[in-house]
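Visitor: I have a structure to look over with you. Could you take me through it by question and answer?

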Amino acid sequence: MADPNKVDPIHQFQITDLVSFGNGGVSFTNSALFMALTVGVIGLYLLLSTQKRSIVPNRTQLVSEMLYEFVAKMVSDSAGKAGMKFFPFVFSLFMFVLVANMFGMIPFFFTVTSHIVITFALALLVFVVVIVYGFIKNGPKFLKLFVPAGVPAYVLPIVVPIEVVSFLSRPISLSVRLFANILAGHITLKVFAGFIVTLGSLGFLGWLGAILPLVMTVAITALEFLVAALQAYVFAVLTSMYINDAIHPSH
Amino acid sequence: MALSRKTKRSQSGAKPEPLTSDLAARIKRAQGEKSLAGDAEAASATRDMTGLSRGLRLGSEFIAAILVGAGIGYLLDLWLKTGPWLMLVMLLVGFAAGVLNVVRSAAEMNRAAPPPTAAMRVPDDDEDE
C-alpha cells in the first residue's frame, strides 16, 4: 500500500491467523477476534450501563433502554405477543450485527459482517430456529405455510413448489443483503479514498483535484453509517417476520 | 400554637391538591401525546427507509429465489441424471417465487408505512410518490 498508484480495496477483508492451534488449520483469526470484541463490548456495555437500575436513567442506561424498547416494539409489532418469546434471540442478532457493522466503520478494524460465511451462518440460524419451532409449535400444520388458503386443488402442484422455493430463498436473501451492502460500501469507500492518494502523487494540481474524492469519501462515510444501522434493523425485522411465520403458519 | 400549625399544614396540604388531583389525567395525556409523536416519527422513519435499501431488499429477494430455484434444479439433475431439464423447470419456478417474494415484501412495506392518504397528502404532492 506504500505505492500510491496501487490501490487494493480488497486487502481489508483478508483473514489472517493470529494464533494457530496445531496443524489442523484451527486458528484464532482477526475475524474471530473482532467477533469476540463485538460480543464483549455488547455484554460489557449492557451490563455496566444497567447495573445501577436507576429510575431516572443516566445517558448510558437510557441508550440501553432505548435499544431494548426499540427491538421489543419491533418484535411485538411483527410477531405479536407470542413472538416476545424470541425477543432475546432477535435482540442478540440485532446487537451483534449493529455493533459488528459499527466496528467496521472504525479505521483499521476488521468488518466481520463483510464475509458471507458470517452472515449466512446467522441467517441459517434464523432459518433453523423458524423451522424447528414451527414444527414443535404447530406439528405437521406448519406445512400449511406452503399451501396458501383459498387456492383450488388443481393449482397446488404449481403453487407449492413456488412457495417452497420462496421459503428456501429466505436465508440466501437475508445473508446476501447484509453481506453485499457492507462489502460494497467498504470497497467503495476504499476506492474513493485511494483516489485521493493517487491524485495527490501528481503534485499540486493533483492535490487540488483530490478535493473531489475527499468530499465523496466524507459523504460515503456518512452513508455507510446509515447503511450499517439500517442493515442491522432490516436483519432484525425480517427475523421477527420469519418467526411470525413459524408461530402463525397460515398466510 | 401546635394546633394552629397543624391546621395551617392541613390547609396548606389541601392547597396543592389541585396540583396533583388531575395528575393521572395529565400523565395519561402526556403519554398519549408522546406515543402519538413516537408513532408519527417511526412511520416517517420507515417511509424514509431510503429508496436504496428498499430497492436492495426487493432485488435481493428476487435474485435469491431465482438462484435457489436454479440450484435445486441443478442438484436434482445431478441426482437423477435428467440433463438440463429439471434445472430449466426449477429456474422458472424460481422466477415465479422471486416475483412472489417481491410482491410480498412490497405489500409488507406498504403495511409498515402506509402510502399517504388524501388527508395526509400535502397539496403540492402530485405524482412523485
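The questions below start with one chain and move on to the interface.

Visitor: What kind of model is this, and what pattern does chain A follow along the sequence?
Guide: This is a predicted model. Chain A comes to seven helices and two strands. Read along the sequence, chain A has the pattern β-β-α-α-α-α-α-α-α.

Visitor: What box do the C-alpha atoms of chain A fill?
Guide: The box is taken along the principal axes. For the C-alpha atoms of chain A it comes to roughly 75 × 55 × 45 Å.

Visitor: Are α5(A) and α7(A) roughly parallel or antiparallel to each other?
Guide: Helix α5 of chain A covers residues 156-200, and helix α7 of chain A covers residues 211-247. Their axes come within 10 Å and cross at roughly 175 degrees. Angles over 145 degrees count as roughly antiparallel. Therefore α5(A) and α7(A) are roughly antiparallel.

Visitor: Which classes of residue make up the contact of α5(A) with α7(A)?
Guide: The contact of these two helices of chain A is split by class.

Visitor: What area is buried between chain B and chain A?
Guide: The contact takes 23 residues from chain B and 18 residues from chain A. Carbon and sulfur atoms give 73% of the buried area. The area buried between the two chains is about 1,700 Å².

Visitor: How many salt bridges does the rule find across the interface of chain B and chain A?
Guide: The structure holds five salt bridges over all chains. Across the interface of chain B and chain A, the rule finds two.

Visitor: Which residue forms a salt bridge with B:Arg104, and why does the pair join two chains?
Guide: Side chains of opposite charge can pair when their charged atoms come close. Here the closest N and O atoms are 2.8 Å apart. B:Arg104 lies in helix α5 of chain B and its partner in helix α5 of chain A, so the pair joins two chains. The partner is A:Glu163.

Visitor: Which element gives the most to the side of chain B that touches chain A?
Guide: Four residue pairs are in polar contact across this interface, both residues at pLDDT 80 or more. On the chain B side, the elements that give two or more residues are α3 (23-47), α4 (51-80) and α5 (85-112). With ten residues, the one that gives the most is α4(B).

Visitor: How many nonpolar residues has that side of chain B?
Guide: By class, the side of chain B that touches chain A has seven polar and five charged residues. Its nonpolar residues number eleven.

Notes:
Residues numbered from 1 in each chain as written. Chains lettered and ligands numbered in written order. Predicted model: local features only at pLDDT ≥ 70, side-chain atom pairs only at ≥ 80, totals over all residues. Heavy atoms only, no water. Contact = heavy atoms within 4.5 Å. Buried area = accessible area lost by both parts, 1.4 Å probe. Salt bridge = Lys/Arg side-chain N within 4 Å of Asp/Glu carboxyl O. Polar contact = N/O pair within 3.5 Å; in protein donor to acceptor, adjacent residues only side chain to side chain. Helix = DSSP H or I, 4+ residues; strand = E, 2+ residues; numbered from the N terminus. Nonpolar A, V, L, I, M, F, W, Y, C, P; charged D, E, K, R; others polar. Axes fitted to C-alpha atoms, helices over the stretch in contact; angles between N-to-C directions. Parallel < 35°, antiparallel > 145°, perpendicular 65-115°, else oblique.
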